[in-house]
Amino acid sequence: AAMADGEPDYSTLPLTDRWVHKVWKVRKQAYEDAAKQFELTPDEHDPAFRPFNQDPSLWKNAVADSNVAAQSDGIAAYCAFLKFGGREGCVRSRGQAIGPIVEKGLVSTRPATKASSIEALLLLIELDVAAPVIEDILPALSAKQPKVIAAALAALTTVFHNYGCKVADPKSVLKILPKAFGHADKNVRAEATNLAVEFYRWLREAMKPMFWGDLKPTQQTDLEAQFEKIKAEPAPKQERLLRSQQEAMARAPPPGAEGDAMYEDDGAEEPAEMDAFDLAEPQDVLSKVPASFHENLASSKWKDRKEALEALFAVLNVPRIKDGDFNEINRGLAKSMKDANIAVVTQAAQCIEVLAKGLRKGYGKYRSTVMGPVMERLKEKKQSVSDALGAALDQVFLATNLTECLEDIFACLNHKNPQVKEGTMKFLVRCLRTTRDVPSKQEVASIVEAAKKLLSESSEGLRSGGAEVLGTVMKIVGERAMNPHIEGLDDIRKTKIKEFFDKAEVKAKDKPKPPPAPAAKAQAGGPKKVGGGLKKGPSAVKKAAPGASAPPPSEPPVSQPTSKVAGPGKSGMPKPGGATGLKAPQRRLAAPGVGSPRRAAAPPPPLLVEDEEPIPASPPPRPRIGLGRGGLAGRSLAKPVAAAAPAPTAPSPPPSGLTAMERAELEELRATNQQLLQQVDDLRQERSKLSSEVQELKNQNAGLIEDHTRDVLSIKAKETQLVRARSDAEAAEQVNERLRRELERLKRALSRAEGLSVSGGMASPTVTSPIHDDVGIYRDGSNSAGAHSNRMSMTSTLSEEKENGDIPHGYPRSKLSPDMRYGSGSSGRGSPARGFRSATMDDASHGANAGSNMTTSAGNGVESWKRAAEVTSQLKARIELMKAKQGFNRP
């Protein structure tokens, strides 16, 4: 058959044959027919889907048809196939279809084709998961044509805009984003910017470590300007749900359920934010730690220790760290907390912070190693040090939980140093604000007790901190649960706690358990129905009593045994034990709503008994009331009405016997119950006593540990002082020995000079040595004062350098020993022998003057040597003074 325009009719061919026909119009018609068939199918198992599930390659040609009109219908047919064909068709066909859609469909000039291509990609994600689809789109970012890269980036932007970064993992895209920013085509860079902005909507600052460093400064500036525009926007929400999410919502209970909806809303208040840790790949940093790290960390020079920690920080400062054995490193960092140099302490705290941030929960096993030393070091008053220590503690807490950290926190809240107390208190407040786990009742009680102690501190900061702790705990557990804990506080403190309660922002809130509420309502409804039934019984008895007068006479014989038992109880009123023993069972038996109607009916029976005088006299009415209580509790309420017709007295004794047995059994059960209650109370008291003893022992243990640590530190300090004192003593002994030798040398020089002066002719040059030796020991007049000041300045310099620990090993000899200075003529400490030699040489050069001055110098020589002896004694005194000063200035 031929068509109207002369072309053959291809509609009789099978669909799959027309699907791959060489005529584009036939293919286009086949795509349209397939889309209509898919829409008419009742479910995803319809035979219409079978050919395409068996041969998914059919879609490869359809979505990339060479004819643009046919291609548009082919992609539309694929969308219908995905929409109605279900997950199986999606999984089978996506490997064949995504590549051609990205390369041919997204770059189409037809808006309908481009829209259908994006819709097909979104449907592929909706039916299954996003990862395979994104993985198949990424190769297009390496295409040669810029328009393909730009279209692929635009498609990724649409995917993340609709499904968010929780459903679609952004890690793989963030890794290759810098390559797109470096592309030569401006359209590619513009689409990369749009994608980065979309990422910032979801990830905020967490995305930057992944690619920010690879961008140019101008690109960073442009992106920052774009980011500023969306910082004020609220957190984005997923606009399109996966098919699995849609099914889960369909299965969820209707929103009419008040309790469930309330708790679901509470749970969905704060969705967990993604950060750099979630986006990054774990890195092996242990292999990058310098081999000399531990050696340098143990160095005696603080600069070496600081440089070792700086190198470690550079290695550890990565978004995510691969878990390994960090025990030795953490022990070294904990030891560095006791370092005398605060720069080393600050750097060690920063290393702990980045290590805990990189390991997250994997760092929990090292908490006990580092937390105690870090909290002990909170005594530092310098703000930069305390900030670094606080940041390290915060990261360690995030790696653990509140329960694990409370023991160390309580120990440091009782510390003697107020600075440690204040830092620990601030850390506790931050923990309470950050934790997502509500502390247990015992933990709340311990925290409250510790905070109450802070309220009585002398420091205003500690008192305010204690109120803040209590206000934050109240925010977590609620005002009602907190009221018993703060009941004994004065109004001023309660007001301050309430202020902090209003300002506190916490992530954990104690919620009442939803399941017990319906159960309680059901239990409350049950007794009401039973009570109603019981109330009808007495009313029926009441109405039947006036009509039939037989029951009143039949009751007195039944009441006889009861009256005998009840009589002594009433007669023995002074004995409270017997009275309560008899009356208590009656009250309990009458409790279920029966006693009050019977009491209302109590006045009429005496009248009936008075009307019937032949029956025993006045005693029966009292026991009758007692029997009424016991009989109604022990018997069915219908029996008295049924017994109104026959009035036999014989069956009445058995009920009284049964009542007595039941009463005895009830008494026994009550006694057993009382014993069990007593045992429970005793056990509870014993448990509380044991708990208090355990807490007291913990406190004692913490105190002993603290004392032991303090003693160890003091012993180490004493040992250091002892070693320093020994070294100082040895240095002083060496100085003393050198001074002693110098003194001996001076004495020998004096004796030689005196011998020469006495011997005659050659004495005059020697006696004139004080005149020629300008810097010697024998100067007189104004020069002696200068020499004294010089010696005093040398001594003071020596003591200062000795105090600062900077004195070189050869110092005493270079300062004090004259034989080191023979080479220079300007020596501050010359020996007499040197003075004599210089004087002799001088006199030899001035021979003419030597003869004329011989007589005068002979007289002056004696006086000069007397002065020399005085100077020597003064020198000894100064040496002793210098020793005393060195000993006094020693640390």
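**Close-up views of aromatic pairs and nonpolar cores**

**View 1. An edge-to-face ring pair, Phe-397 and Phe-427.** Phe-397 and Phe-427 are both buried (under 20% relative accessible area, with exposed over 50% and partly exposed in between; 1.4 Å probe, protein chains only). This is a predicted model, in which local features need pLDDT of at least 70 and side-chain atom pairs count only at pLDDT 80 or more, while totals for chains, interfaces and linings use all residues. Residues are numbered from 1 along each chain as its sequence is written, and side-chain values use heavy atoms, without hydrogens or water. Which geometry does the pair of Phe-397 and Phe-427 have? The ring centres are 6.5 Å apart and the planes stand at 90°, so the pair is edge-to-face. Rings of Phe, Tyr and Trp (its six-membered ring) pair if their centres lie within 6.5 Å; planes under 30 degrees apart count as stacked, over 60 as edge-to-face and the rest as tilted. Phe-397 belongs to helix α21 (residues 383-399) and Phe-427 to helix α23 (residues 418-434), 30 residues apart, and the pair links distant parts of the chain. Helices (H or I, at least four residues) are DSSP runs, numbered from the N terminus.

**View 2. A tilted pair, Trp-59 and Phe-81.** The structure holds 20 aromatic pairs. In the one formed by Trp-59 and Phe-81, the centres are 5.0 Å apart and the angle between the planes is 40°. Trp-59 lies in helix α4 (residues 58-63) and Phe-81 in helix α5, 22 residues apart. Trp-59 and Phe-81 are buried. They also belong to one aromatic cluster, whose members include Trp-19, Tyr-31 and Tyr-78.

**View 3. The largest nonpolar core, with 78 residues.** A nonpolar core is a set of buried Ala, Val, Leu, Ile, Met, Phe, Trp, Tyr and Cys residues joined through side-chain atoms within 4.5 Å. Trp-19, Tyr-78, Phe-199 and Phe-211 touch the most other members of this core. Helix α5 (residues 68-105) contributes the most, 13 residues. Neighbours within four places in sequence aside, Phe-211 is in contact (heavy atoms within 4.5 Å) with Leu-174, Leu-177, Pro-178, Phe-181, Ala-196 and Leu-223. Another core, of 77 residues, lies apart from it; Val-344, Val-385, Phe-397 and Val-444 are among its members.

**View 4. Lysine charges over the rings of Trp-212 and Phe-501.** The charged end of Lys-208 sits over the ring of Trp-212, 4.7 Å from the ring centre. For Lys-475, the charged end sits over the ring of Phe-501 at 5.0 Å from its centre. The criterion is NZ of Lys or CZ of Arg within 6 Å of the ring centre and within 35 degrees of the ring normal.

Conventions:
Helix = DSSP H or I, 4+ residues; strand = E, 2+ residues; numbered from the N terminus.
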